[in-house]
Amino acid sequence: MRAVPAIAARSVCQRDGHDWSSLRRATESVTDARGRHRIWGVVGSTHPLGGVLLPHNCVYVIDDAGTRRDRYDKRVLTMRDLNNYAPKDQESIFEIRGVRCGATTHQ
């Protein structure tokens, strides 16, 4: 898992948009590493909606098998966020070994 932050840090966010291909590869690398090491986790990311739509600022919930179990999209956005992201109104609730958990992002 030591290499995971370095892999994720290589994702490029440019002023005129996101490098979706690099972001997708980095997210897949982190997801695969979680599965190999059998570790649950959340990964901050940006989720594309396609076309001219703004993406979601999100966290992916990854289980210990390396499967994306859920995605939480930031609900409350700052004025600066609104220039780059679209809000979404959906909760992320999941269970880990019988313990109910939720995901959110920092304001």
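In the chain, 41% of the contacts with a separation of 6 or more come from residues 24 or more positions apart, a contact being heavy atoms within 4.5 Å. The model is predicted: local features need pLDDT of at least 70, side-chain atom pairs count only at pLDDT 80 or more, and totals for chains, interfaces and linings use all residues. Residues are numbered from 1 along each chain as its sequence is written, and side-chain values use heavy atoms, with hydrogens and water left out.

The chain contains 3 helices and 7 strands, taken as DSSP runs numbered from the N terminus (helices: H or I, at least four residues; strands: E, at least two). Their order from the N terminus is α-β-β-α-β-β-β-α-β-β.

The chain has an accessible surface of about 7000 Å², 50% of which belongs to carbon and sulfur atoms; areas come from the Shrake-Rupley method with a 1.4 Å probe, and for residues only the protein chains shown count as cover. Buried residues make up 36% of the 107 in the chain. Buried means under 20% relative accessible area, exposed over 50%, and partly exposed in between (1.4 Å probe, protein chains only). C58 is buried at a relative accessible area of 1%, while C101 is partly exposed at 24%. The whole structure has 0 disulfides, a disulfide being a pair of cysteine sulfur atoms within 2.5 Å.

An open sheet of 3 strands runs in the order β3-β4-β5 with antiparallel pairing; two strands pair if DSSP finds at least two bridges between them. The edges are held by β3 (41-47) and β5, each with a single partner strand, so one side of each lacks a neighbour in the sheet. From one strand to the next, the twist averages 30°. Helix α2 (residues 20-37) packs on this sheet and touches β3, β4 and β5, and its direction makes about 170° with that of β3. Axes are lines fitted to C-alpha atoms, for helices over the stretch in contact, and angles run from 0 to 180 degrees between N-to-C directions.

| Strand pair | Bridges | Opposite residues |
|---|---|---|
| β3 and β4, antiparallel | 7 bridges | V43 and Y60 |
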